[in-house]
Every structure is written in structure tokens, then in C-alpha cells.
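Here is a short briefing on one model. Look over the sequence and the structure first, then read the points by topic.

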Amino acid sequence: MIGIAGGRKLVAIALALIAVATLIPGSSDAANAVVRSWHPALGDYGLADAIANVALFVPLGWTLTVAGVRPRRVVAVVLATTITVEFLQYTIVAGRQASVWDVLANGVGGVIGIGLPHLSRRIMRSPPFALRAATVYGVAVVVGIAVGVLLQAVPQPRSVRWTNQDSHRPAYMPFAGTINDVRMNGTSVPADAWTEIPAGRVTIDVDLASALPSPRLAEIIQFWLRDGRGWAWVDQLGRDLRVHAVSRSDALRLRGHSLWVRAAMPSAAGEPVTLHLELRRFAHEVVVRSAQHEVRFSQRISPGDGWQLFAPFARPRERWGSLLQGLWMALLLAPLGYAAAARSLRTVPISGAGVAISWMLLPIALGCAWLPVSGWCGGVGGILAGAWVGRAVLRGQAPDAIA
């Protein structure tokens with residue numbers, strides 16, 4: 001059992017986590033991109049950030065309850081904490097966006113934290129309820145990942161046009177090089193002219209003369225759909241290229257696919273470069289050819305990306321993708337192992353087998369890529385960790401999460 005003193009220590013840890021996650025200044029680019037608005041889903045990662053804000057305050061609500069604080073006072077502490085955080089973000093912390101919607105999301109997370117001890121007690125005391133909880137949670141995980149994968153799909157256009165106009169945003173600058181030719185499926189197309197694209201594979205080749213590397217983002221070229229939405233665009237930062245392809249989640253302001261191709265551009269101006277883009281429904285390929293070298297970057301969308309869609313911390317996923325994917329899967333499946341272990345040890349492998357079969361069927365049914373090894377390892381580790389905690393709580397040999 002966690003005593004009041006232990007609960008207070010956990011409260012301090014929860015507050016420290018909140019401070020680290022919310023009060024560290026953002027980068028200069030982030031500061032330039034901050035927009036004041038009351039809209040709940042403004043900007044990229046809107047829903048993902050809302051989910052993160054809910055999850056961030058769940059530990060605070062839980063630890064305060066474990067420490068013996070009454071629910072009304074827990075709500076008051078949670079609200080006071082989130083209002084203080086938003087005030088500091090608005091007045092002092094650079095690169096952060098304050099919003100009343102963050103206060104609402106944080107409050108919801110705190111209330112969920114208050115209810116967790118009661119839910120955990122019921123799971124531990126009632127094996128039939130534990131079985132139902134494990135079943136419902138497992139189905140929700142599979143359905144959620146499937147929806148995430150479908151939202152990550154790149155819409156295949158029937159017509160596209162291209163421009164090279166800059167966005168006039170403070171973090172951006174015009175591209176100082178020259179675009180010489182743009183080809184879609186091998187046919188040259190002029191700027192601002194609509195090009196009909198047949199169903200199936202879409203390839204784009206851009207011949208250009210390079211510019212001097214710049215410490216600010218330079219927009220090279222953009223591709224647009226007839227409804228006015230962007231479909232893909234290419235930016236340069238230093239010698240790196242960012243190829244952004246929209247996904248079906250862009251309409252919800254979740255995220256598209258920002259593919260960073262490192263050290264792909266020449267270090268001198270005026271050198272010929274060819275960009276080759278192939279954007280398929282569940283896969284992307286970028287090839288950069290210059291006189292010095294050829295750089296390739298490819299990525300396929302798997303069920304792991306369906307979960308990462310709702311994790312805003314995974315934005316630079318090409319650097320830490322494997323590790324983050326394993327951690328996300330472990331975090332996602334730990335509650336399943338916890339609830340299954342409360343039913344019986346035999347329920348744990350059965351639940352894991354059900355999830356594994358679903359993960360094997362999703363690529364076949366949707367056409368996406370298989371979950372990589374890191375995702376499988378994370379999922380297995382999460383189930384085992386959750387099961388170990390659940391059994392230890394039942395035996396009274398570990399800190400009791402249901403204090």
C-alpha cells in the first residue's frame with residue numbers, strides 16, 4: 001500500500017513531470033509559429049496535443065487521490081496548476097502557446113486520475129469485470145490503431161498544380177535557387193497549370209539549380225489540390241530537405257508526413273539537382289541526385305504509425321523512430337496486461353495472442369506495412385510489464401496502485 005507520505009512524494013514527481021513538459025522554452029522556430037487563438041484544434045498536432053494534455057495531468061489526479069486528498073480539493077489543485085502553467089506560457093515561457101482549451105484538457109486528465117484508483121480496485125476485486133475490461137480495452141486498441149493507420153494514408157490526387165511562392169511567415173524565406181523543370185509521371189508541366197493524374201502511382205521529378213544553404217527554412221516548391229489544400233511541398237534548411245506529404249488526418253489538424261532527408265543538397269549555389277518524389281497511399285520515397293552524390297529516403301506506414309499519430313512527442317520520428325515506436329506500444333498495451341493478469345495468468349497470453357493476430361491481419365486488410373520488430377518488442381514488453389504489476393498488486397508485493 002502507498003501511504004500518505006509516499007503519495008506526497010509521487011505528487012512531487014507528477015508536478016515535476018508537468019513542469020518539464022510545459023515550462024521548457026521552445027525553439028525560435030516554434031516561437032515564430034505560435035498563434036494566439038481559442039480554436040481547440042488550431043495548428044498541426046491539435047488533437048494529439050489535446051490528448052497529451054489530458055494524459056499529462058492524469059498522474060497528478062491519481063497521486064493526489066493516493067495521498068489522501070479529497071476529490072474536490074484534487075480538482076482545485078489540478079485547476080490551479082494548469083492555470084498557473086498557462087499563465088506562465090502566455091507571459092514568460094517562449095515558444096509555448098497558452099490556451100483555455102489546454103486548461104480544459106488538463107482538468108479532464110485530473111478527473112480521470114481521480115477515478116483510476118476506483119477502477120483499479122474493481123478490476124482487482126472482480127475477475128469477471130477484469131476480463132470484460134481487458135476485452136474492451138484490447139478491442140479499442142486494435143480499432144484505434146486501424147483508424148490511425150487509415151488517417152495516415154496519403155490521398156491520391158486526380159489533379160495537381162505546382163507553385164514556388166513563399167509563405168511570408170517569419171520562420172521562412174524565399175528559395176534563392178531556380179526551378180528549371182517539373183515532371184509528373186514523366187511529362188513536363190508548367191507552373192499553376194492543372195495536371196490530370198490517373199489513378200495509381202504518382203511520380204514527381206523537379207530539376208533545379210541549388211541555392212546557398214540557409215539557417216532558415218526556404219520553400220522550394222508546393223503542390224496543390226483543386227479544393228485548395230496542399231498535397232505536398234519541399235523545404236530546405238541548411239543542406240537538409242523536408243518533404244511534407246499530407247495525410248487524411250490533415251483535415252483534423254493531426255499530422256502529415258514530414259520526411260527529413262539529411263545533407264541532401266549541395267553546399268554551393270547554382271549546382272544542378274534533381275528531386276524525385278513518389279508518394280503512394282502507405283509509402284513515400286524521396287531521391288535527391290546531384291553531381292556529388294545520390295541520397296535516398298523511403299518510409300512505409302505500419303500499424304505502429306497509427307499509434308504514433310496521437311503522440312506529439314514523436315515529431316522527429318525518423319531520428320528516434322524505432323525506440324519511440326517500441327515505447328508507444330509498450331505504454332499502449334501495459335493496461336491490457338494489467339487487467340488480463342487480474343483475471344488469471346492464462347488470460348495474459350490469450351489477450352496477447354488476440355492483439356498479435358489483429359496486428360498481423362491489419363496490413364493484409366488495409367495494405368499498409370507490417371509492424372517492425374521494435375513495435376512487436378514494445379508490445380510484448382508492455383503486456384508482460386502490465387501483467388507483472390497486476391499480479392504483484394494482487395499478492396501485495398509491490399506498491400499498490402489502488403491505494
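V100, W101, L104, V108, I112, L116 and L119 make a nonpolar surface patch of about 560 Å². Patch members have over 30% relative accessible area and no salt bridge, and nonpolar side chains (Val, Leu, Ile, Met, Phe, Trp, Tyr) are joined within 5 Å. A salt bridge is a side-chain nitrogen of Lys or Arg within 4 Å of a carboxyl oxygen of Asp or Glu. Areas come from the Shrake-Rupley method with a 1.4 Å probe.

This is a predicted model: local features need pLDDT of at least 70, side-chain atom pairs count only at pLDDT 80 or more, and totals for chains, interfaces and linings use all residues. Residues are numbered from 1 along each chain as its sequence is written, and side-chain values use heavy atoms, with hydrogens and water left out.

- V108 sits in helix α5 (residues 100-125). Helices (H or I, at least four residues) and strands (E, at least two) are DSSP runs, numbered from the N terminus.
- V108 counts as partly exposed because its relative accessibility is 38%. Buried means under 20% relative accessible area, exposed over 50%, and partly exposed in between (1.4 Å probe, protein chains only).

**Nonpolar cores**

- A nonpolar core is a set of buried Ala, Val, Leu, Ile, Met, Phe, Trp, Tyr and Cys residues joined through side-chain atoms within 4.5 Å.
- The largest core has 37 residues; V182, I204, V206, I221, F223, W231 and V288 touch the most other members.
- Strand β11 (residues 272-280) gives the most to this core, with four residues.
- A second, separate core of 34 residues includes F282, W307, L333 and I383.
- Beyond four places in sequence, V288 touches residues including L241, V261, M265, V273 and V295. Contact means heavy atoms within 4.5 Å.

**Helix α9**

- Helix α9 (residues 347-366) has 20 residues and reaches 28 Å from first to last C-alpha, close to the expected 28 Å. The expected span is 1.5 Å times one less than the number of residues.
- Buried residues of α9 include V348, V355, W359 and L362.
- G367 follows α9 and has a positive phi, near 90°.

- M173 is in strand β2 (residues 172-174). At 23% relative accessibility, M173 is partly exposed.
- Beyond four places in sequence, M173 touches S214, R216, L217, A218 and E219.
- M173 and Q236 are 63 residues apart in sequence, with C-alpha atoms 9.8 Å apart.
- T195 is in strand β5 (residues 195-196). At 13% relative accessibility, T195 is buried.
- Beyond four places in sequence, T195 contacts R158, S159, V160, M184 and V189.

Key. Patch = residues over 30% accessible without salt bridge, like charges linked within 9 Å, V, L, I, M, F, W, Y side chains within 5 Å.
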